[in-house]
Amino acid sequence: MTGYFPIYSSHKEASPEISRPLNRFLSVPINNNGDWTIAVSIISTFIKNLIKPYVPPVMTVVYAISAIGALWAKLCKPEIVTKNRLLKNLFVTSWGYIIIRCLAVAIAVMVLFQVGPEVIISESTETNVLTKVIPNSITLLSLCAFALPLLLAFGLLQFIRGCSRRKTAKKAASGDILYIK
């Protein structure tokens, strides 16, 4: 044992012909309209601008399905929900959470149609969540879900392992680490 735990993988290491261009694409700075950024940021901005107009109505529908499904599961206790593990995990909940889901639907509808008290529909409250926070979260999570396997398969783990080996070797040379064999 040399003091670290190696990372085992079920796939073969990527060939340099594939990994070098991908790493360059994801990590090399690019000048975009006078600002320096990376390709992932440009892709993120593009996706965010593409989905931004559709997020508030889609999320309002998702909230409504969640609230109606929870009410239906609580009041009717249908067999399809009680026997299906996924539907049971999604819709069978306590009355407190059902009330919160119903309030979320009411607030989302008010924000979507811009009706109701100013404290709810103003730009600095719920409208901010529905039009800015959720699109950013969706974009970030989708890009991470896409990029993380590529980065892991094409060299990120090897880079981290190499950095940790260099730090460990420096500490071992200075006498800060004691290896137990």
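Read along the sequence, the protein chain runs α-β-β-α-α-α-α-α-α-α-α, a pattern built from nine helices and two strands. Helices (H or I, at least four residues) and strands (E, at least two) are DSSP runs, numbered from the N terminus. The model is predicted, so local features need pLDDT of at least 70 and side-chain atom pairs count only at pLDDT 80 or more, whereas totals for chains, interfaces and linings use all residues. Residues are numbered from 1 along each chain as its sequence is written, and side-chain values use heavy atoms, with hydrogens and water left out.

We can start with the chain as a whole. Of its 181 residues, 18% count as buried; buried means under 20% relative accessible area, exposed over 50%, and partly exposed in between (1.4 Å probe, protein chains only). The accessible surface comes to about 13,200 Å², and carbon and sulfur atoms hold 68% of that area. Accessible areas come from the Shrake-Rupley method with a 1.4 Å probe, and for residues only the protein chains shown count as cover. Among contacts (heavy atoms within 4.5 Å) between residues at least 6 apart in sequence, 49% join residues at least 24 apart.

On the surface, Leu71, Leu75, Trp95, Ile99 and Leu103 form a nonpolar patch with about 500 Å² of accessible area together. Two or more residues of this patch come from each of helix H3 (55–76) and helix H6 (95–113), and H6 gives the most, with three. Patches are made of residues with over 30% relative accessible area and no salt bridge; like charges are joined within 9 Å, and nonpolar side chains (Val, Leu, Ile, Met, Phe, Trp, Tyr) within 5 Å.

Finally, there are two salt bridges, each defined by a side-chain nitrogen of Lys or Arg within 4 Å of a carboxyl oxygen of Asp or Glu. In one, the closest N and O atoms of Lys83 and Glu79 are 3.3 Å apart. These two residues are separated by about one helical turn because they lie four residues apart in helix H4 (residues 79–83), and both are exposed. The other joins Glu123 and Lys132 at 3.5 Å, N to O. Glu123 is partly exposed at 46% relative accessible area, as is Lys132 at 39%.
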